[in-house]
Amino acid sequence: MGLASVTSITAVLIILGLVLIMILSINNLVVEAKSKFDEIQVFLEDDISTEQLYRIEDTIKESQEVSSIVYQTKDQALEIMKEEWKEDAYLLEGLEENPLPNSFIVRVEDIEYSDLVVERVEGLEGVEDIVYYKDIIDRLVLFAKYIRFGGMVVIAILMIISIFIISNTIKITVFARRDEISIMKYVGATNGYIRGPFIIEGVLFGLVGALLSILIVNFGYQYLFEAVNDKLYVLFTVYLVPPTSLVKDISIIFSAMGMGIGALGSLLSLKRFLNV
Amino acid sequence: MIRFVDITKVYKNGVKALSSVSLTIKKGEFVFIVGPSGAGKSTLIKLILKEIEPTEGRIYLNNEDITEVGNRKIPHIRRSVGTVFQDFRLLPNKTVYENVSFALEIIGASRREISRKVPAALNMVGLGSKAYCYPDQLSGGEHQRVAISRAIVNNPPVLIADEPTGNLDPDTSWDIMDVLLDINKKGTTVLMATHAKEIVNVMKKRVVAIEAGRIVRDEQRGVYEHEVANTEEYI
Ligand SMILES: Nc1ncnc2c1ncn2[C@@H]1O[C@H](COP(=O)(O)OP(=O)(O)O)[C@@H](O)[C@H]1O
Ligand SMILES: [Mg+2]
């Protein structure tokens, strides 16, 4: 039973850790994306005609909201990509043909205008795709919201389950000591005095669970982070929260939550026995 | 000291255990509550200990109205009332000394206080030499003496005993009565519920007789019942 209590607290906290890491990483991504806020990239089809190209350029230029427009050739795009990938750039050497499209890089006065510009350009012939950050940011924010909400629901359910498990575990101890508790009450012990040792028991379960989950989450995430970093996905890890910045916060949050869950569980287990 | 005013107690299942009971017990008195099983004696005691709430009426303890006190004050009421039960209620895994000192530890007494008061309380009941025995090494009468010692170690003004001799043979019962009398002589008010006819008749103390939840008799230097022949006639 003690094992079940500790395990359930550990499980809650590990899932909490995963949700936290995901949310923090998405926030990072949002911040990063926001620094490129005002950029719209209009990718062009490879077989675009000069006429179509001019029409697109003119449409963009006619928009008052646009502050600048730059034509980026596929070769330039590849150069930029090589720079960004740094030591992993050799991977791009093997390409027989440059897969990147030509594009216009458009800057708008304000992020809010990007929808307007996109709307005008969208339907034009020769446009392959439009990537603009407002859209991505909105989606990311929404995604973070879902994760936060889903995570909270899962954590709440698991918390209730672990409080229940702990309260049942402590109930066994309380039941074994019920005679002592009843005598204590007759000689005038306060509820607080009687609760004390049981709350300590619950808080200890919580602390052990917290310790385990702190170790698992910190080391597990460190390992994952390095593994991802090692295997070429540099671009990806840029957005992951660095493990070192997590240790302190996770330790504090987990300890507090673990002890809280333990204390609540033991309070619940005593409720019936204290009403003498 | 203890005053019941028009107390009625109806249990949740509808049983009317006490109806319009009024009773005043003065400081230093020794009072027997007598009556057949189910008369309402234990109910009366549970009301003083705040184990249950009265349905109607008011209860005063030390001139304080304890009819409606919050849960937080109940421990303080119980500290001023020592209690002894028919089934002793000792902790089997603690020594005699620990069973008594336990009552002081719980209320936060200092070590010095504990080491002074526990031996005094054990001597009071004649168990000074058995301090380090465990309950299973003691006789029934000795069990009850430990319980009494625990009840008085804190010097409460009132000692309440619910059938304290109910599990004991007559000789042992008399030993317990001697202890209770000694305690009463030192100024503690003693309230004892019992149906030990012989003890009540010999002791010549105040007797409050309860039948079916009503006080039917209350006399100083009383006896268990007047017409001993009554019972036989009804049969
Ligand atoms: N907790 C309870 N719930 C319901 N009825 C009770 C309870 N305790 C006692 N009674 C009833 O109240 C009446 C008085 O009981 P009690 O005070 O224990 O009598 P006594 O101690 O004189 O034998 C009895 O009829 C008993 O069945
Ligand atoms: Mg009774």
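Predicted model: local features only at pLDDT ≥ 70, side-chain atom pairs only at ≥ 80, totals over all residues.
Student: In what order do the elements of chain A run from the N terminus on?

Tutor: Read from the N terminus, the order is α-β-α-β-α-α-β-α-β-α-α-α-α-α.

Student: Is chain A spread out or a compact globule?

Tutor: For 276 residues the globule rule gives 19 Å, whereas the radius of gyration of chain A is 29 Å, well over that value. Along the principal axes, the C-alpha atoms fill a box of roughly 95 × 40 × 25 Å. Because the radius exceeds the rule in this way, chain A is, relative to a compact globule, more spread out.

Student: How many residues does the contact take from chain A and from chain B?

Tutor: Contact here means heavy atoms within 4.5 Å. Chain A gives 12 residues, and chain B gives 17 residues.

Student: Which residues of chain A lose the most area to chain B?

Tutor: Between chain A and chain B, about 1400 Å² is buried, and carbon and sulfur atoms give 63% of this area. On the side of chain A, three residues together account for 48% of what is buried there. They are Ile183(A), Tyr186(A) and Val187(A).

Technical notes
Residues numbered from 1 in each chain as written. Chains lettered and ligands numbered in written order. Heavy atoms only, no water. Helix = DSSP H or I, 4+ residues; strand = E, 2+ residues; numbered from the N terminus. Rg over C-alpha atoms; globule rule 2.2 N^0.38 Å. Buried area = accessible area lost by both parts, 1.4 Å probe.
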